[in-house]
Amino acid sequence: MSPARKLCVYCGSGNGRNPAYLAAARTLGKAMAEADIGLVYGGGNTGLMGAVARATLEHGGHVTGIIPEFLKQREVML
């Protein structure tokens with residue numbers, strides 16, 4: 001079996017009440033980039049999903065955002 005090349009992450013569009021959630025999202029994004037594992041996620045720029053995506057990008061990782069056409073008008077995309 002070959003190692004994972006991409007990981008789909010689904011989490012909140014808010015940061016949550018506990019600052020540890022945001023820290024964990026950033027840690028995950030950094031770890032994925034460093035392990036050369038691409039991120040597939042909902043495409044948003046806010047909350048925990050946005051934090052994972054930004055951290056992945058900041059550390060040289062690859063990000064694929066998938067968002068339905070009808071949400072493009074309502075969401076803040078990354």
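Buried residues make up 31% of the 78 in the chain, going by what is a predicted model.

On to the overall layout. There are 2 helices and 3 strands in the chain, and reading along the sequence gives the pattern β-α-β-α-β. The radius of gyration is 12 Å, close to the 12 Å that the globule rule gives for 78 residues, so the chain is as compact as a globular protein of that length. Taken along the principal axes, the box filled by the C-alpha atoms is roughly 40 × 30 × 20 Å.

Next comes the sheet. Strands of a sheet pair through backbone hydrogen bonds, and the pairing can be parallel or antiparallel. Here the pairing is parallel, in an open sheet of 3 strands with the order E1-E2-E3. Strand E1 (6-8) and strand E3 (63-65) are the edge strands, each pairing on one side only. On average, neighbouring strands of this sheet are turned by 20° against each other, ignoring direction.

Looking at one pair of strands, E1 and strand E2 (residues 38-41) run parallel and are joined by 3 bridges. Within this pair, leucine 7 stands opposite leucine 39 in E2. Strand E2 also has a helix lying across it: helix H2 (residues 47-58) lies across both E2 and E3, and H2 runs at about 155° to E2.

Technical notes: Residues numbered from 1 in each chain as written. Predicted model: local features only at pLDDT ≥ 70, side-chain atom pairs only at ≥ 80, totals over all residues. Heavy atoms only, no water. Pairing = 2+ DSSP bridges. Helix = DSSP H or I, 4+ residues; strand = E, 2+ residues; numbered from the N terminus. Axes fitted to C-alpha atoms, helices over the stretch in contact; angles between N-to-C directions. Contact = heavy atoms within 4.5 Å. Rg over C-alpha atoms; globule rule 2.2 N^0.38 Å. Buried < 20%, exposed > 50% of the residue type's maximum accessible area, 1.4 Å probe, protein only.
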